[in-house]
Amino acid sequence: MDTACSSSLVAVHQACQQLNDGACDVALAGGVNLILDPTSSVALCRLQALSPDGRCKTFDAAADGYVRGEGAGVVVLKRLSHAVADGDRILAVIRGSAVNQDGRSSGLTVPNGPAQQSVILDALSQAGIEPADVSYVEAHGTGTSLGDPIEMHALGATLGRGRPSDRPVTIGSVKTNIGHLEAAAGMAGLIKVVLALEHSEIPPNLHFKALNPHIALDGFPAVLPTTRVPWPSGNGRRIAGISSFGFSGTNAHVIVEEPPQQAAGNRTAIERPLQVIGLSAKSEKALREQAGQLAERLARDPAAIEDVAFTSNAGRTHFGYRLAAVAASGAVGVKCQ
């Protein structure tokens, strides 16, 4: 599926539709961006689309282009009722999503503000929530002098409706942290929001010093965090919006909510009485260091032993120096001798 920079969030929308229609019971949605050839970077440089200093300065007066990034991410999606019944660990709930198309545009690099407003309102309607219910927005936020003001105006025109001045919406962009993952950008934003919900904290919007002079926040209660911001649960529902706009003209917006309290802590029952943890490294010293780090990790979170055991065996490359440990619990760390 290729809709340029909105590809992975469009994939999430399509997966949710298939689940809601009963076409499947489990869906995987993901995105990957790898820079394997200089051709695209050279073309973007000639287009003057990239930041000369390699810093994505979203919504800042010094915004001068985006920064290319690499990465991959995948989410597992199920209908909420099935996930609860299966005892899955639920990290977040997608309340609604929407996709639209700009139609004919005045230019490849000129975002369409009305289309952005429309896709946000459609997602809110599909989720059955009011604009003021959204407390955080993961913006598309590429860090361009033209695109940033257009997006902020669209956010103000939609999420600013009926919003009390004492309930500002916090706005950030993961592109200031890891760059623009292009086809995987929406997935990066979604994963950031899920992690923010899990850790009850919103990361700072980096490289922000002064608001772009073409952005007016008058009448739109909004905050651009420059430090970590607490996002505690218990004070009403924590709901976020995630935007992803493609220069192809296809836009997506997803509404994500924290999981129900009774479902958030679900963990599948232990399948076996003992866990086998396999470690490997390229040298004996590295193997000892890895074992020590793992012991500290399990001492902090003993319940993670099942996930650690699985990943160590199935998700890691196996090198020449190896160690295996059998454990019934992660409660007691083992010092590597």
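Which side chains does a polar contact of 2.7 Å join? The first view gives the reply. The structure in every view is a predicted model.

**View 1. Asn251 and Asp102 meet side chain to side chain.** The side chains of Asn251 and Asp102 are joined by a polar contact of 2.7 Å. Asn251 sits in strand β10, which covers residues 250-257. Asn251 is buried, because its relative accessible area is 2% and buried means under 20%. Leave aside the neighbours within four places in sequence, and Asn251 still contacts several residues. Among them are Ala98, Val99 and Asn100. Ala115 and Val119 are also on the list of contacts, and so are Ser244, Phe245 and Gly246.

**View 2. Six strands make an open sheet.** The order of the strands is β3-β10-β9-β4-β5-β7, and the pairing is mixed. Strands β3 (93-101) and β7 (222-223) stand at the edges. Each has a single partner strand, so one side of each is left without a neighbour in the sheet. Look at the β7 edge. Strand β5 (residues 169-172) runs parallel to β7, and two bridges join them. Here Thr170 stands opposite Val223 in β7.

**View 3. Strands β1 and β2 run antiparallel.** Eight bridges join β1 to β2. Now compare the two faces of β1. Ala27, Ala29, Gly31 and Asn33 make up the covered face. Val26, Leu28, Gly30 and Val32 make up the uncovered face.

**View 4. A nonpolar patch lies on the surface.** Its members are Val26, Leu28, Val74 and Val76. Together they have about 410 Å² of accessible area. Which strands supply the patch? Both β1 (26-33) and β2 (71-78) do, with at least two residues each. Val26 belongs to strand β1. With a relative accessible area of 45%, Val26 is partly exposed.

**View 5. Lys192 is buried in helix α7.** The helix spans residues 185-199. Is Lys192 buried or exposed? Lys192 is buried, with a relative accessible area of 9%. Its side chain makes a polar contact of 3.0 Å with the side chain of Tyr136. Beyond its neighbours within four places in sequence, Lys192 is in contact with residues including Glu138, Gly172 and Ser173. Val174, Asn177 and Pro203 are contacts of Lys192 too. Ile242 is 50 residues from Lys192 along the chain, and their C-alpha atoms are separated by 9.9 Å.

**View 6. Ala154 is buried in helix α5.** Helix α5 runs through residues 147-159. The relative accessible area of Ala154 is 1%. What does Ala154 touch, not counting residues up to four places away in sequence? Ala154 touches Gly113, Gln116 and Gln117. Gly30 is 124 residues from Ala154 along the chain, and 26 Å separates their C-alpha atoms.

**View 7. Arg89 and Glu198 form a salt bridge.** Side chains of opposite charge can pair when their charged atoms come close. In this pair, the closest N and O atoms are 3.3 Å apart. Arg89 lies in the loop between α3 (80-85) and β3, and Glu198 lies in helix α7, so the pair ties together parts that are 109 residues apart in sequence. Both residues are partly exposed: Arg89 at 45% relative accessibility, Glu198 at 38%.

**View 8. Lys57 pairs with Asp53.** This is another salt bridge, and its closest N and O atoms are 2.9 Å apart. Lys57 counts as buried at 8% relative accessibility. Asp53 is partly exposed, with a relative accessible area of 43%.

**View 9. Glu257 and Arg237 belong to a network.** Their salt bridge has its closest N and O atoms 3.7 Å apart. The pair links distant parts of the chain, 20 residues apart. Glu257 is in strand β10, and Arg237 is in the loop between β8 (229-230) and β9 (239-245). Glu257 is buried, at 10% relative accessible area, whereas Arg237 is partly exposed, at 43%. Salt bridges that share partners join Arg95, Asp133, Arg237 and Glu257 into one network. The whole structure holds 15 salt bridges.

Notes. Residues numbered from 1 in each chain as written. Predicted model: local features only at pLDDT ≥ 70, side-chain atom pairs only at ≥ 80, totals over all residues. Heavy atoms only, no water. Patch = residues over 30% accessible without salt bridge, like charges linked within 9 Å, V, L, I, M, F, W, Y side chains within 5 Å. Areas by Shrake-Rupley, 256 points an atom, 1.4 Å probe, with all protein chains shown as cover. Salt bridge = Lys/Arg side-chain N within 4 Å of Asp/Glu carboxyl O. Helix = DSSP H or I, 4+ residues; strand = E, 2+ residues; numbered from the N terminus. Buried < 20%, exposed > 50% of the residue type's maximum accessible area, 1.4 Å probe, protein only. Contact = heavy atoms within 4.5 Å. Polar contact = N/O pair within 3.5 Å; in protein donor to acceptor, adjacent residues only side chain to side chain. Pairing = 2+ DSSP bridges.
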